[in-house]
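Reader: I've got a chain here and would like to talk it through. Could you take my questions one by one?

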Amino acid sequence: MECLYRQHLILPVAFFDSAIGDWTASVHIEFTEKLKVHTVVLRSSDAFQSEVQAKKFIIDQAKQWVDDRLGQWTRDSVEA
């Protein structure tokens, strides 16, 4: 369920933790800058009842990381 967001490849992964009976998530964010490929890994300490919830959460966190890195943008600012 990878996605491309603002020229950053987002690769979410969810893991079932049988010890607690919940899902946890992490994400790899890959991007190219000055002809070098960079990878950032984010991990969540939150637990979720489903794999879908875990992946949605970590994708949202990854998108926020990208927005913080590049600066917030809106459709209006792109069209201006």
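Reader: Of the contacts between residues at least 6 apart in sequence, what share joins residues at least 24 apart?
Author: This is a predicted model, where local features need pLDDT of at least 70 and side-chain atom pairs count only at pLDDT 80 or more, while totals for chains, interfaces and linings use all residues. Residues are numbered from 1 along each chain as its sequence is written, and side-chain values use heavy atoms, with hydrogens and water left out. A contact here means heavy atoms within 4.5 Å. Counting those between residues at least 6 apart in sequence, the share joining residues at least 24 apart is 43%.

Reader: Fine, and which element has the lowest mean pLDDT?
Author: pLDDT is the predictor's confidence in each residue, from 0 to 100, and the chain's mean is 91. Elements are DSSP runs numbered from the N terminus: helices are H or I with at least four residues, strands are E with at least two. Strand 4 (residues 36-43) has the highest mean, 98. The lowest, 48, belongs to helix 2 (residues 75-79).

Reader: In what order do the helices and strands come along the sequence?
Author: The chain has two helices and four strands. Reading along the sequence, you get β-β-β-β-α-α.

Reader: How many salt bridges are there?
Author: Side chains of opposite charge can pair when their charged atoms come close. The rule asks for a side-chain nitrogen of Lys or Arg within 4 Å of a carboxyl oxygen of Asp or Glu. One of the pairs is Lys56 with Asp60, at 3.0 Å from N to O. The count by this rule is four.

Reader: Which parts does the Arg69 and Glu33 pair tie together?
Author: The two side chains meet in a salt bridge, 2.7 Å from N to O. Arg69 and Glu33 sit in parts 36 residues apart in sequence, so their pairing ties together helix 1 (residues 51-70) and strand 3 (residues 22-33).

Reader: Back to Glu51 and Lys55: is Lys55 buried or exposed?
Author: Those two form a salt bridge, with the closest N and O atoms 3.4 Å apart. They are four residues apart in helix 1, so about one helical turn separates them. Buried means under 20% relative accessible area, exposed over 50%, and partly exposed in between (1.4 Å probe, protein chains only). Glu51 is partly exposed at 32%, whereas Lys55, at 15%, is buried.

Reader: And what percentage of the 80 residues counts as buried?
Author: The same cut-off applies, under 20% relative accessible area. Across the 80 residues of the chain, the buried share is 25%.
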